[in-house]
Amino acid sequence: AIIYICSVIYVEEDKVVTDYVNNENVMEVNKELLTACEDLPYCYYLNLNEVLSDGNHSLIPGASQDGVHLYAEYSKLMLNYIKSHYLK
């Protein structure tokens with residue numbers, strides 16, 4: 001079986017109301033996910049932040065009302081990324 005692990009997407013920190021939901025924690029979790037994938041020959045890491053980041057380790061401004069949950073148009077960007085990065 002082939003396993004795909006998707007990164008945790010960055011958040012828009014200005015809109016987030018909790019201390020633990022922040023981009024520093026997102027980056028730490030993503031490091032662990034990437035390490036897990038590197039240790040398994042049948043596991044692939046898909047970095048969703050390639051299409052959802054503002055280029056500064058943050059979610060694209062305006063992609064979410066609460067800074068975490070994406071609007072539909074950005075969910076479509078994520079889906080298209082996944083569709084274009086899996087092994088055929």
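**Questions on a predicted model**

Visitor: Read along the sequence, which pattern does the protein chain follow?
Guide: Helices (H or I, at least four residues) and strands (E, at least two) are taken as DSSP runs and numbered from the N terminus. The protein chain has three helices and two strands. Read along the sequence, their pattern is β-α-β-α-α.

Visitor: What kind of model is this?
Guide: Residues are numbered from 1 along each chain as its sequence is written, and side-chain values use heavy atoms, with hydrogens and water left out. Local features need pLDDT of at least 70, side-chain atom pairs count only at pLDDT 80 or more, and totals for chains, interfaces and linings use all residues, since the model is predicted.

Visitor: What share of the contacts with a separation of 6 or more comes from residues 24 or more positions apart?
Guide: The C-alpha trace of the protein chain spans about 40 × 25 × 20 Å along its principal axes. A contact means heavy atoms within 4.5 Å. Among contacts in the protein chain with a separation of 6 or more, the share from residues 24 or more positions apart is 64%.

Visitor: What percentage of the 88 residues in the protein chain is buried?
Guide: Relative accessible area sets the class: under 20% is buried, over 50% is exposed, and in between is partly exposed (1.4 Å probe, protein chains only). Of the 88 residues in the protein chain, the buried share is 28%.

Visitor: Which residues make up the largest nonpolar core?
Guide: In soluble globular proteins, nonpolar side chains tend to be buried together. A nonpolar core is a set of buried Ala, Val, Leu, Ile, Met, Phe, Trp, Tyr and Cys residues joined through side-chain atoms within 4.5 Å. The largest one here has twelve residues: Ile 9, Tyr 10, Val 26, Leu 46, Leu 48, Leu 52, Leu 59, Ile 60, Ala 63, Leu 70, Tyr 74 and Tyr 81.

Visitor: Why does Ala 63 count as buried?
Guide: Ala 63 sits in the loop between α2 and α3. Not counting residues up to four places away in sequence, Ala 63 touches Glu 12, His 69, Leu 70, Tyr 71 and Tyr 74. Ala 63 counts as buried because its relative accessibility is 0%.

Visitor: How far apart in space are Leu 48 and Met 78, C-alpha to C-alpha?
Guide: Leu 48 lies in the loop between β2 and α2 and is buried, at 3% relative accessibility. Beyond residues up to four places away in sequence, Leu 48 touches Cys 6, Ser 7, Ile 9, Met 78, Tyr 81 and Ile 82. Leu 48 and Met 78 are 30 residues apart in sequence, and their C-alpha to C-alpha distance is 6.4 Å.

Visitor: Which class does the aromatic pair of Tyr 4 and Tyr 44 belong to?
Guide: Rings of Phe, Tyr and Trp (its six-membered ring) pair if their centres lie within 6.5 Å; planes under 30 degrees apart count as stacked, over 60 as edge-to-face and the rest as tilted. The structure holds one aromatic pair. Tyr 4 and Tyr 44 are 5.9 Å apart centre to centre, with 35° between the planes, and the pair is tilted.

Visitor: Which strands does the pair link?
Guide: Tyr 4 is partly exposed at 30% relative accessibility, and Tyr 44 is partly exposed at 32%. The pair links distant parts of the chain, 40 residues apart: Tyr 4 is in β1 (residues 3–6) and Tyr 44 in β2 (residues 43–46), so the strands are β1 and β2.

Visitor: Which element gives the most to the lining of the largest pocket?
Guide: On a 1 Å grid over the protein atoms alone, a pocket is an open set of points where a 1.4 Å probe fits, with protein on both sides within 12 Å along at least five of seven lines; lining residues have an atom within 4 Å of a point. The residues that line the largest pocket are Tyr 10, Met 27, Asn 30, Lys 31, Leu 34, Tyr 45, Asn 47, Asn 49 and Glu 50. Two or more of them come from each of α1 (23–38) and α2 (49–52). With four residues, the element that gives the most is α1.

Visitor: What is the C-alpha separation of Glu 24 and His 57?
Guide: Glu 24 lies in helix α1 and is exposed, with a relative accessible area of 59%. His 57 is in the loop between α2 and α3 (72–85), and its phi is near 60°, a positive value in a residue other than glycine. Glu 24 and His 57 are 33 residues apart along the chain, and their C-alpha atoms are separated by 8.7 Å.
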